[in-house]
Amino acid sequence: MKILYLVIIFSVQIHNILCKDNLIKTQEFFSSETDYSRLKEIINNYTDQLAVSVVPIQNDHTPFYFNKSAAFVSASMIKLLILCEFIDQIDHNNITLDMNYTYKEEDKVGGAGVIQTMEFGTIFSYDTLAFYMIKYSDNIATNVLIDILGMDNINQKSKELNLNETVLNRKMMTESDKENYMNAEDIEFILKGILYKNEKIGSVAMCDRAMTYLKENDDYDAIVRGLPKGTIFAHKSGSLTKIRHDGGIVITNNKYIIIILTKGFPNEEDANELMGNLSKIVYEIINDLETNNYYFFIKFSLFNIILFLAMLI
C-alpha cells in the first residue's frame with residue numbers, strides 16, 4: 001500500500017508540473033509564435049504556385065502568410081469584390097434587395113451556376129442574384145449584377161477599400177485579353193470586414209446577409225475536405241484552367257480565416273487534394289489537437305502505470 005501511495009503522490013506531482021509548465025494551455029505551449037513548421041514543409045515545395053494566409057481570430061496564435069501580396073488570376077474569387085459593391089449600393093438605397101430582374105436569352109453563359117438550366121423569362125430578385133453568385137458561383141447572376149452595379153463602380157469600390165491587387169477587367173465566361181486579379185491580402189481584408197461588420201464594407205445587416213451567403217457556398221472539394229464533418233465554413237472559391245482558389249472563415253470555438261490560392265496545377269483534383277491537406281493541418285494547429293493528444297498520452301500512460309503497480313501489490 002505504501003508503494004501505491006507513493007506512486008499516486010508522484011503522479012499528482014507530475015500532473016502539477018505539466019500544468020505549471022503550461023503544457024495543457026495551448027496558446028502558451030506554442031510560445032509567442034505558432035508552430036507552422038508542418039505547413040511550411042509542404043508549402044516550400046510550391047513556392048511559385050501558392051499563396052496561403054491563416055489568420056486566427058479567437059486565440060493567441062500568430063498569423064501565417066505565404067505570398068500574401070502576390071497577384072493571382074482571381075477566377076470567381078472576384079465575386080467577393082462584386083459582393084462588396086452590391087452591399088454598398090443596397091446600403092445607399094441605389095438598389096433594393098427585392099428589386100427584380102428577368103432572365104434573358106442574351107444573358108446565358110456557361111461555366112458555374114444554375115440559372116443557365118432555367119427558362120428565359122424567369123424572374124429573380126437582386127437578393128437571389130447575389131445569393132446565387134456566392135452559393136453556386138453563378139456566372140449569369142454575376143454578369144447581370146455587373147451590369148446593374150456598373151463595372152466602373154465595382155473597381156472604384158476596390159480603390160475605396162485600398163485593395164492593392166483586386167481589379168475586375170471582364171465579365172464571367174467572356175473572351176478578353178484581360179484577366180481579373182486578386183491577392184490573398186485583399187481577400188483577407190474583405191472577409192475580415194464582413195466578419196467584423198466593418199462600416200467600410202457595409203452595414204451590420206448587410207454584412208450579416210453576406211455572411212449568410214458565404215455559409216451556403218456549395219463547393220466542398222477544396223478547403224472543406226480538410227475540415228471535420230459539419231464544420232461551418234463561410235467561403236468563396238473559384239476555378240479556371242490551372243487555377244484553383246478557396247478562402248473563407250472557419251467557424252468553430254477557435255474561429256480563423258484561411259485563404260489558399262493556387263496556379264499551375266494541370267489537374268484540379270491535385271490542387272483540391274493539396275488544399276485539403278493544408279486545411280487539415282491548419283485546423284489541427286489552430287485547435288491544438290497535437291498538444292491535447294500529447295497531454296492525453298501522458299495522462300493515459302500515468303494511469304496505466306498506476307493500474308499496473310496496483311495489480312502487483
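Guide: Here is a walk through the packed helices, with a few loop residues at the end. The model is predicted, so local features need pLDDT of at least 70 and side-chain atom pairs count only at pLDDT 80 or more, while totals for chains, interfaces and linings use all residues. Residues are numbered from 1 along each chain as its sequence is written, and side-chain values use heavy atoms, with hydrogens and water left out.

Let's get our bearings. Of its 313 residues, 48% are buried (buried is under 20% relative accessible area, exposed is over 50%, and partly exposed is in between, using a 1.4 Å probe and protein chains only). Now take the contacts (heavy atoms within 4.5 Å) with a separation of 6 or more: 62% of them join residues 24 or more positions apart.

Start with α6, residues 139-149. Nine of its 11 residues are buried, so this helix is largely enclosed by the rest of the structure. Which residues of α6 are the buried ones? They are Asn-139, Ile-140, Ala-141, Thr-142, Asn-143, Val-144, Leu-145, Ile-146 and Leu-149. And what do they pack against? The partners of those buried residues are helices α4, α5 and α7, together with strand β4 (100-102).

Two of those partners, α4 and α7, also meet each other. Two packed helices are described by the angle between their axes and the distance between the axes. Helix α4 covers residues 79-91 and α7 covers residues 151-160; they pack at about 95 degrees, with axes 9 Å apart (axes are lines fitted to C-alpha atoms, for helices over the stretch in contact, and angles run from 0 to 180 degrees between N-to-C directions). That is why α4 counts as roughly perpendicular to α7 (65 to 115 degrees; under 35 is roughly parallel, over 145 roughly antiparallel, and the rest oblique). On the α4 side, the contact is made by Leu-81, Ile-82, Cys-84, Glu-85, Asp-88 and Gln-89. Helix α7 brings Asn-153, Ile-154, Asn-155, Lys-157 and Ser-158. By class, this contact has four nonpolar, four polar and three charged residues (Ala, Val, Leu, Ile, Met, Phe, Trp, Tyr, Cys and Pro are nonpolar, Asp, Glu, Lys and Arg are charged, and the others, Gly among them, are polar).

Zoom in on Asn-155, which sits in helix α7. Is Asn-155 buried or exposed? With a relative accessible area of 17%, Asn-155 counts as buried. If you set aside its neighbours within four places in sequence, Asn-155 touches Leu-81, Val-167 and Leu-168. Leu-81 is one of the α4 residues in the contact with α7.

Next, hop along to α8 (residues 184-195) and α9 (residues 204-215). These two pack at an angle of about 120 degrees, and their axes are 8 Å apart. Leu-191, Gly-193, Ile-194 and Leu-195 of α8 meet Cys-207, Ala-210, Met-211 and Leu-214 of α9. Sorted by class, the contact of α8 with α9 has seven nonpolar residues, one polar and no charged.

Between α8 and α9 there is a loop, and Gly-202 is found there. This glycine is buried, with a relative accessible area of 10%. Gly-202 also takes us back to where we were: its C-alpha atom is 9.1 Å from that of Glu-85, although the two are 117 residues apart along the chain. Leaving out its neighbours within four places in sequence, Gly-202 is in contact with Ile-87, Asp-91, Lys-197 and Cys-207. Cys-207 is among the α9 residues that meet α8.

Finally, two loop residues between strands. Asn-67 is in the loop between β2 (64-66) and β3 (72-73), and it has a positive phi of about 55 degrees although it is not a glycine. Its relative accessible area is 32%, so Asn-67 is partly exposed. Lys-242, in the loop between β7 (232-240) and β8 (243-251), is not a glycine either, yet has a positive phi of about 60 degrees. Lys-242 is partly exposed too, with a relative accessible area of 47%.

How values were computed: Helix = DSSP H or I, 4+ residues; strand = E, 2+ residues; numbered from the N terminus.
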